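Please keep the sequence and the model at hand while reading the points below.

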Amino acid sequence: MGFGLKGLAAAAGSLLFISFCFSVMIFHTVDLDERHPSTATLSTEVQHLHAQLTVQKQQYAGLQHQLEQLELALNLSEKHTAYTQHGIYQLPPVHPPANASYTQQHKLAVLVPYRDRQEHLALLVSRLHSYLTVQGREFTIFILEQSPELLFNRGALLNAGFTILQASDYDHFAFQDVDTLPTTRGKIQYSYPTGKAPLHLTPFRFHPAANFEDFFGGISIFTREQFEKVNGYGVNFWGWGREDDNMRYRLLQHGMLPPEVPHVPRKHKRFYFDHQTHGKALEWRVKGEGSDAVYYGVNPDVPYGSAKIVSVQPHLMQDMSSGLNSTMYWITNVQANGPAVQFTVRLHCDELSTPWCSKIHNDTIM
């Protein structure tokens with residue numbers, strides 16, 4: 001990534017130079033055959049040249065901004081490369097104890113998308129580390145903390161975590177919500193998926209807060225090959241929710257439904273998982289279209305009126321093109337968090353296609 005950014009930065013610099021040269025050259029375009037132009041002609045020509053120069057100055061300012069952004073990206077990318085090369089985040093995985101109740105030959109990466117829920121995170125890391133150790137799994141927990149510039153994007157964070165570990169020997173990945181805790185009595189296994197479909201640990205009948213049959217949120221486990229086949233999560237879901245519905249659509253299109261589910265007796269919904277309570281997520285809506293569109297976050301219980309929910313638009317819900325191939329991010333910090341590894345991730349947003357991504361930083365109702 002660093003090499004590509006250096007090339008882009010060099011190209012931007014060249015464009016700046018060309019723009020400057022052109023702004024100088026336009027003053028030499030006066031007709032050489034017109035030796036004694038009238039005052040009116042000169043005035044018109046000066047106005048024309050002034051307008052051209054104004055345009056060139058605007059283009060110069062735009063290119064200068066692009067160059068600054070590229071230099072920032074290059075700096076962050078070089079930090080990421082340094083982290084990777086020096087193995088700062090390569091904490092040793094947990095190895096199965098000799099008296100473990102379950103052992104296997106696979107290696108699990110648990111990816112936890114996270115922002116602003118410190119108490120929830122602390123409880124999850126503590127409980128999940130003990131829970132998976134008892135199961136005898138070789139695993140590491142990776143926390144993916146999104147920096148505050150944009151609305152939360154669970155799918156893009158999970159894609160980022162997957163690509164960070166792309167050259168590792170982890171062969172299956174648990175995508176774990178920070179508010180969903182496995183209970184000791186439930187004994188749900190974080191297993192390697194054995195068929196062509198991923199393993200969904202929290203289907204409707206197990207997840208404490210799920211309220212519809214096709215629910216695909218909470219915790220799911222993919223093999224490396226399965227996640228690459230569907231191109232990961234769609235990256236255009238800014239704010240909470242709907243990326244799991246799009247993932248279900250991707251699985252359907254690839255013939256990977258229904259998912260595997262735990263083979264355990266049917267119990268009440270809080271038998272297998274605890275759910276940590278938190279503020280309700282804002283629902284992002286839009287009024288108007290095109291340049292007149294107004295995006296705003298609101299309590300989902302508020303009537304729609306003439307507004308539409310931005311994330312349920314068909315071109316987003318049925319998106320198959322965005323994903324691992326289009327996730328852009330920079331790692332700004334790496335540190336240990338107890339037995340887990342925590343990345344701080346800065347995401348990129350294409351504001352032309354998803355202009356609501358940077359509207360506010362707070363995306364929950366207290």
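The points that follow concern the salt bridges of this predicted model.

1. The count of salt bridges comes to six. Side chains of opposite charge can pair when their charged atoms come close. Three of these pairs are described in turn below.

2. Lysine 107 pairs with aspartate 169 in a salt bridge whose closest N and O atoms are 2.7 Å apart. Lysine 107 belongs to strand S1 (residues 107-114), while aspartate 169 sits in the loop between helix H4 (154-164) and strand S3 (172-176); the two residues, 62 apart, link distant parts of the chain. As for burial, lysine 107 has a relative accessible area of 13% and is therefore buried, since the cut-off for that class is under 20%. Aspartate 169, by contrast, is exposed at 53%.

3. A salt bridge also joins aspartate 274 to arginine 127, with 2.9 Å between the closest N and O atoms. Because aspartate 274 is part of strand S7 (residues 273-275) and arginine 127 of helix H3 (residues 118-134), the pair ties together parts 147 residues apart in sequence. Aspartate 274 is partly exposed, at 26% relative accessibility; arginine 127 is likewise partly exposed, at 26%.

4. In the salt bridge between aspartate 177 and arginine 154, the closest N and O atoms are 2.8 Å apart. Aspartate 177 lies in the loop between S3 and strand S4 (180-182) and arginine 154 in helix H4, so parts 23 residues apart in sequence are tied together. Both aspartate 177 and arginine 154 are buried.

5. Which residues are linked in a network of salt bridges? The network consists of Arg154, Asp177 and Glu243.

How values were computed: Residues numbered from 1 in each chain as written. Predicted model: local features only at pLDDT ≥ 70, side-chain atom pairs only at ≥ 80, totals over all residues. Heavy atoms only, no water. Salt bridge = Lys/Arg side-chain N within 4 Å of Asp/Glu carboxyl O. Helix = DSSP H or I, 4+ residues; strand = E, 2+ residues; numbered from the N terminus. Buried < 20%, exposed > 50% of the residue type's maximum accessible area, 1.4 Å probe, protein only.
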